[in-house]
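Subject: Structure for your review

Dear colleague,

Please find below the structure that I am handing over to you, together with its sequence.

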Amino acid sequence: MKGPRAFDMTVTDESMYNPEEPRSFASGDYIYVDPDAGISHESIILVKLDNGNLAFRQLVVEPDGKAMFKAINPAWQEAPFEAQRETEIGGVVIGKTLP
């Protein structure tokens with residue numbers, strides 16, 4: 001169930017594409033993001049980067065409690081990055097449809 005502030009957007013890259021994963025998002029897919037949904041380990045979230053761009057990544061909480069954002073595409077060259085106190089979360093991906 002999506003909340004009243006939920007919105008949709010189009011995936012623009014292959015960072016979250018991995019057909020071996022149960023949740024995989026290809027360029028051109030439509031994702032539904034809910035800013036009010038709960039966030040937990042392995043949630044797929046929309047995050048605002050330092051440069052102002054938006055990215056969606058998987059949240060991974062390591063055993064020491066450190067929160068990291070990572071792409072699920074094993075061929076993606078960007079390294080996982082650590083969540084900072086000021087990291088702005090745009091919402092949780094709650095679904096997708098194909099174009």
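The notes that follow go from the whole chain to the sheet and then to single residues.

The model is predicted, so that local features need pLDDT of at least 70 and side-chain atom pairs count only at pLDDT 80 or more, while totals for chains, interfaces and linings use all residues. Residues are numbered from 1 along each chain as its sequence is written, and side-chain values use heavy atoms, with hydrogens and water left out.

Overall architecture

The protein chain contains seven strands and zero helices. Both kinds of element are DSSP runs numbered from the N terminus: helices are H or I with at least four residues, and strands are E with at least two. From the N terminus, the order of elements is β-β-β-β-β-β-β. The protein chain has a radius of gyration of 13 Å, close to the 13 Å that the globule rule gives for 99 residues, so it is as compact as a globular protein of that length. Here the radius is taken over C-alpha atoms, and the rule is 2.2 Å times the number of residues to the power 0.38. The C-alpha trace spans about 40 × 35 × 25 Å along its principal axes.

Of the 99 residues in the protein chain, 29% are buried. Buried means under 20% relative accessible area, exposed means over 50%, and partly exposed lies in between (1.4 Å probe, protein chains only). Contacts (heavy atoms within 4.5 Å) were also counted: among those with a separation of 6 or more, 54% come from residues 24 or more positions apart.

The sheet

Seven strands form an open sheet in the order β1-β2-β7-β3-β4-β5-β6, with antiparallel pairing. The edge strands are β1 (7-10) and β6 (81-82), each of which pairs on one side only. Two strands are taken as paired if DSSP finds at least two bridges between them. In general, the strands of a sheet pair through backbone hydrogen bonds, either parallel or antiparallel.

Strand β7 (residues 88-97) pairs with β2 in the antiparallel sense over five bridges, and Lys96 in β7 is the bridge partner of Ile31. The pairing of β7 with β3 is also antiparallel, over four bridges; in this case Glu88 of β7 stands opposite Lys48.

Strand β4 (residues 54-61) is largely enclosed by the rest of the structure, because six of its eight residues are buried. Five bridges link β3 and β4 in the antiparallel sense, and Arg57 in β4 stands opposite Ile45. These two strands form a hairpin with five residues between them, where Gly52 takes a positive phi near 95 degrees. Asn53 is found in the loop between β3 and β4. Asn53 is partly exposed, with a relative accessible area of 45%, and touches Val47 and Lys48 when residues up to four places away in sequence are not counted.

β4 is also joined by four bridges to strand β5 (residues 67-70), and the two run antiparallel. Val60 stands opposite Met68 in β5. The hairpin of β4 and β5 has five residues between the strands, and Gly65 in the turn has a positive phi of about 95 degrees.

Individual residues

Ala67 is found in strand β5. The C-alpha atoms of Ala67 and Ala83 are 5.5 Å apart in space, although the two residues are 16 residues apart in sequence. Leaving aside neighbours within four places in sequence, Ala67 is in contact with Leu59, Val60, Val61, Phe81, Glu82 and Ala83.

Glu42 lies in the loop between β2 (30-34) and β3 (44-48). Most residues other than glycine have a negative phi. Glu42 is partly exposed, with a relative accessible area of 41%.

Yours sincerely
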